[in-house]
Amino acid sequence: MALPITLSEIGPRISAGAFILNSGLGKRAADDQTAAGLHGFASGTYPFLKDVEPKQFVQALSTAEIAVGAALLTPFVPTALAGAVLTGFAGGLLGLYLRTPGMRKEGSLAPTEQGLSVAKDVWLLGIGVGLLTRGTVDRGSKRVQKAAKTLAKANKRVSRAELKAERRAARAAA
């Protein structure tokens, strides 16, 4: 059985997956100050997070990053699924960038010095959309190719059966 990824997908999956996995593993041992800082930043943009304890938030974030990174690095995870997971994750990061005051220059999408560290995560969104597109488009063409092979095999069987029938008929007539 072939893997559900192609050679051209390996590079983007490894680069994004390793980066995110490392980030998640690094947050596993976050101290209280780091947890409070990350929680404050995220809850300022996503108010529903205010009710979550900072330590619990960082543990959930860490687990989510580990899961996203692992999904990208696991070749048995279909490309469309890995792309969808990465696109959702990157969308959340870019939401922080777009919705947090002081991250962008006034009236522009260009980052301020403070926003640069989050704005650069746009590359994750690009990889996610690319993988999602690739996985979705290739999925259809793979089905068509498989159907074409099945049809070609069936046509060969029919041709062989017709040839055998002709030979039998010729022997019976002789």
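**Entry 1: terms and model**

Helices here are DSSP runs of H or I with at least four residues, numbered from the N terminus. I note at the outset that this is a predicted model.

**Entry 2: Leu-72 and helix 3**

I looked up Leu-72 and found it in helix 3. Is Leu-72 buried or exposed? Leu-72 has a relative accessible area of 3%, so I put it down as buried. I then checked Leu-72 against Gly-83, which is eleven residues away along the chain. Their C-alpha atoms are separated by 8.0 Å.

Val-58 also has its place in helix 3. Its relative accessibility is 1%, and since buried means under 20%, Val-58 counts as buried.

Next I looked at helix 3 as a whole. It runs over residues 54-73. Helix 3 has 20 residues, and from first C-alpha to last it reaches 28 Å. That is close to the 28 Å expected at 1.5 Å a residue. Its buried residues include Phe-57, Ser-62, Glu-65, Val-68, Gly-69 and Ala-71.

**Entry 3: helix 4 and a UniProt feature**

Helix 4 covers residues 79-99.

An unreviewed UniProt entry places the feature "transmembrane region" at residues 76-98. In the model, that span is 87% helix and 0% strand. Its end C-alpha atoms lie 34 Å apart.

**Entry 4: the largest pocket**

I turned to pockets. The largest pocket has a volume of about 670 Å³. It is lined by 25 residues, and the closest to its centre are Lys-27, Leu-61, Glu-65, Leu-93 and Leu-96. Glu-65 is on my list of buried residues in helix 3.

Helix 1 (7-27), helix 2 (32-45), helix 4 and helix 5 (116-119) each supply at least two. By residue type, the lining divides into 17 nonpolar, four polar and four charged.

**Entry 5: aromatic pairs**

I searched the whole structure for aromatic pairs. The search finds two.

One joins Phe-19 and Trp-123. Their ring centres are 5.4 Å apart and the planes stand at 75°; over 60 degrees counts as edge-to-face, so this pair is edge-to-face. The pair links distant parts of the chain, with Phe-19 in helix 1 and Trp-123 in helix 6 (residues 122-173), 104 residues apart. Phe-19 is partly exposed at a relative accessible area of 42%. Trp-123 is partly exposed too, at 31%.

Tyr-46 and Phe-48 also pair. Their ring centres are 6.2 Å apart and their planes meet at 50°, so I noted the pair as tilted. Is Tyr-46 buried or exposed? Tyr-46 counts as buried because its relative accessibility is 18%. Phe-48 has a relative accessible area of 62%, so I marked it as exposed.

Key. Residues are numbered from 1 along each chain as its sequence is written. This is a predicted model: local features need pLDDT of at least 70, side-chain atom pairs count only at pLDDT 80 or more; totals for chains, interfaces and linings use all residues. Side-chain values use heavy atoms; hydrogens and water are left out. On a 1 Å grid over the protein atoms alone, a cavity is a set of points where a 1.4 Å probe fits but cannot get out, and a pocket is an open set with protein on both sides within 12 Å along at least five of seven lines; lining residues have an atom within 4 Å of a point. Grid points are joined across faces, edges and corners, and a volume is the space filled by probe spheres set on the points. Ala, Val, Leu, Ile, Met, Phe, Trp, Tyr, Cys and Pro count as nonpolar, Asp, Glu, Lys and Arg as charged, and the others, Gly among them, as polar. Rings of Phe, Tyr and Trp (its six-membered ring) pair if their centres lie within 6.5 Å; planes under 30 degrees apart count as stacked, over 60 as edge-to-face and the rest as tilted. Buried means under 20% relative accessible area, exposed over 50%, partly exposed in between (1.4 Å probe, protein chains only). The expected span of a helix is 1.5 Å times one less than its number of residues. UniProt positions are given in the numbering used here, feature names are shortened, and annotations may be inferred rather than shown by experiment.
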